[in-house]
Amino acid sequence: MNVHIPEHVLDEIRSATDIVDVVSEYVVLQKRGRNYWGRCPFHTENTPSFTVSNDKQMFYCFGCGTGGSAYTFLMKIRNISFVEAANMLAERAGISLPEKEQSPQERLVRKKQQRLLDLLALAAEYFQNNLSKHPDASAAIAYLKQRGINGRIAKEFRLGWALETWDQLIGFLSKNGFAQQEIHAAGLASPREKGVGYYDRFRGRLMFPIIDHRQRIVGFGGRVLDTSVPKYLNSPETQLFQKGKILYGLSLAADAIRQAGYAIIVEGYMDTIAAHQYGFANTVASLGTALTREQAQLLKRFTRDVVIAYDADAAGEKATLRGLELLQEVGCRVKVAVMPPKMDPDDFIRKYGAAVFKELMEKRALSLIAYKLEKEIVVQNTETVEGKVDVVNHLLPDLQRLDNAIERGQYIKLIAGRLDLAEDAIYFELNRRSGKMQKNGTGRDKKEIPRHNKDEIGSLGLLPSEEYLLLRILEEPEALDQVQAELGQDVFQQQAARDIIQLLQEWMAVNLDPPSPAALADLLPSGAARDLLARVMSREKVLGGSLPDLLRQIKICRLSQQVEERQRRIREAESAGDLEVQRQLIVELTALQREKEFLKRSKQ
């Protein structure tokens, strides 16, 4: 992968990319005016506040304040690096990226890795041929038929059979030029306990090739057909196979996840295969009951909406709670499809069919708080006050993590209804825990939305008039000298705005034309600066009129802030009985007020 991509190549990729087409693969967009609008994929919302500009090749969400270029969008939606996003857009546009020159050591490592990949691919073909042609595979074929797995889906998942021999696979791979040490390094052979040499790791097992999201076979899982233990055996951890970083079935599920708009995550191989066979190709497995942060982040590359459908046993419930929390921590919207007792998704879908399974996934799945609520009700005695208190106390941390007041209110209403409690009592406890308890009321958080004066400061730290000034400078860089003469060298107090101005100056020092908004966004050093740039570029008209008028408005706003600050300090000095400081502040306040009034009356 390229570590550095020349700027002219990035510009070529930008020119060949339409951000509307890129975003449309993940968000349903509708054109309104000059821009496209949809529901933001980066936070939960009911009313679309996510806008995409075809003219400026930028996106911005007025709800959560996230914005940037096509590169930024892919980085956030798929949780990938800038270089990975550039590679994706380059491939999409048919543009070849320059190859990074590798050192001899890097070439050797890459060569060894490719040897292991070739070995694993050949082993998969060997296992597949055994399943389809070898007479000793009859028991495996009978097992697949009994589980309802047809030939099409078996080929799709490249299922195979490991013969009940000690060294048949090693012999086959050795004849094809692979050393026993390589076979061991690939996780397919184990060292003999006595003597020298190796024996086949997988023997007498139905084989499940494990393919990563880059379509590479990196390991295997094997299942016995009798009562032998272990029932399932995976490849050991190798250079290529780290169990906690791979989702089984993702190589086949990626496109279906995007089309469906959500992913289903199950525990194991057979659950995944059964779901795919019944039409739920958006299903993947966590290769056991312990979902990892790496798996959650990998899944988030393809969707933010996930339904967990683990087994309905104690281990499954514990794993579900852990998976819910992990997925939420990485930014996913996650629900739980609760299986009936003693059933897994494979059992459920074969017994009840695809239509009922779809309803369970899309209509009856529970959110984290709803799922925890039902589990706590089973554990606690909610006929008693103490039991109700315990249930609420277990749910308060999850309520505290909710940023959206409407969402929090709906869950409080749900909890209050299930426990026969007053909503205000839950609000009171929530606010008490958060240190926000109001002196005058019921405990509802009446001050969640901060109050500002008419010169309201935006979420990114700038007054609206300052945002318009930044937009004017971006469109007319030659105006910067006049702005600095009026407002000072720094112009803006916020670091994000300063970063934008500094980068613009660096660009204009070596280029005749100003940068495009998307190019500027990709060069900015921080996400805050990119978000501010996207917010500013989302404005469609300039405030006020002439540049002097705009500067005068900003000066008045800043003087208003200084007046308020002096008034606050005067009250503090009066309370402290410090008359000298009070007199000095009054002099300063009078001068500021006169200057403010002069600016208001002046016409430039």
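User: Where does Phe178 lie?
Analyst: Phe178 lies in the loop between helix H8 (168–175) and helix H9 (180–185). Helices (H or I, at least four residues) and strands (E, at least two) are DSSP runs, numbered from the N terminus. This is a predicted model, where local features need pLDDT of at least 70 and side-chain atom pairs count only at pLDDT 80 or more, while totals for chains, interfaces and linings use all residues. Residues are numbered from 1 along each chain as its sequence is written, and side-chain values use heavy atoms, with hydrogens and water left out.

User: Is Phe178 buried or exposed?
Analyst: Phe178 is buried, with a relative accessible area of 9%. Buried means under 20% relative accessible area, exposed means over 50%, and partly exposed is in between (1.4 Å probe, protein chains only).

User: Which residues does Phe178 touch?
Analyst: Leaving out residues up to four places away in sequence, Phe178 touches Arg115, Asp118, Leu119, Leu122, Leu173 and Ile183. Contact means heavy atoms within 4.5 Å. Leu119 is 59 residues from Phe178 along the chain, and their C-alpha atoms are separated by 7.3 Å.

User: Switching to strands. How many residues of strand E9 are buried?
Analyst: Seven of the seven residues of strand E9 (residues 205–211) are buried, so E9 is largely enclosed by the rest of the structure. On one side these are Arg205, Met207, Pro209 and Ile211, and on the other Leu206, Phe208 and Ile210.

User: Which strands pair with E9?
Analyst: Strand E6 (residues 160–162) pairs with E9 in the antiparallel sense over three bridges. Strand E10 (residues 217–223) is joined to E9 by six bridges, also antiparallel. Two strands pair if DSSP finds at least two bridges between them. Take Met207 in E9: Gly160 stands opposite Met207, and in E10 the bridge partner of Met207 is Gly222.

User: What is between E9 and E10?
Analyst: E9 and E10 form a hairpin with five residues between them. Gln215 in the turn has a positive phi of about 70 degrees.

User: OK, sheets. What is the order of the strands in the antiparallel one?
Analyst: That open sheet of five strands has the order E1-E2-E3-E4-E5, with antiparallel pairing. Strand E1 (30–32) and strand E5 (67–68) are the edge strands, and each pairs on one side only. Helix H24 (residues 527–537) packs on the sheet, touching strand E4 (58–61) and E5. The direction of H24 makes about 95 degrees with that of E4. Axes are lines fitted to C-alpha atoms, for helices over the stretch in contact, and angles run from 0 to 180 degrees between N-to-C directions.

User: How are E1 and E2 joined?
Analyst: Three bridges join E1 to strand E2 (residues 35–38), and the two run antiparallel. Arg32 stands opposite Asn35 in E2.

User: And the sheet with mixed pairing, what is its order?
Analyst: The order is E13-E12-E14-E15-E16, in an open sheet of five strands. Strand E13 (283–285) and strand E16 (366–367) stand at the edges with a single partner strand each, so one side of each is left without a neighbour in the sheet. Two bridges join strand E15 (residues 333–336) to E16, and these run antiparallel. Val336 has Leu366 in E16 as its bridge partner. Helix H13 (residues 314–329) lies across strand E14 (305–308) and E15, running at about 165 degrees to E15.

User: Now helices. At what angle do the axes of H20 and H22 cross?
Analyst: The axes of helix H20 (residues 464–475) and helix H22 (residues 495–510) cross at roughly 10 degrees and come within 11 Å. That makes H20 roughly parallel to H22. Angles under 35 degrees count as roughly parallel, over 145 as roughly antiparallel, 65 to 115 as roughly perpendicular and the rest as oblique. Leu470, Ile473 and Leu474 in H20 meet Ile500, Ile501 and Leu504 in H22.

User: Last topic, rings. How many aromatic pairs are there?
Analyst: The structure holds 22 aromatic pairs. Rings of Phe, Tyr and Trp (its six-membered ring) pair if their centres lie within 6.5 Å; planes under 30 degrees apart count as stacked, over 60 as edge-to-face and the rest as tilted. One of the pairs is Tyr232 and Tyr269, which is tilted, with 5.7 Å centre to centre and 40 degrees between the planes. Tyr232 is in strand E11 (residues 232–234) and Tyr269 in helix H11 (residues 269–277), 37 residues apart, and the pair links distant parts of the chain.
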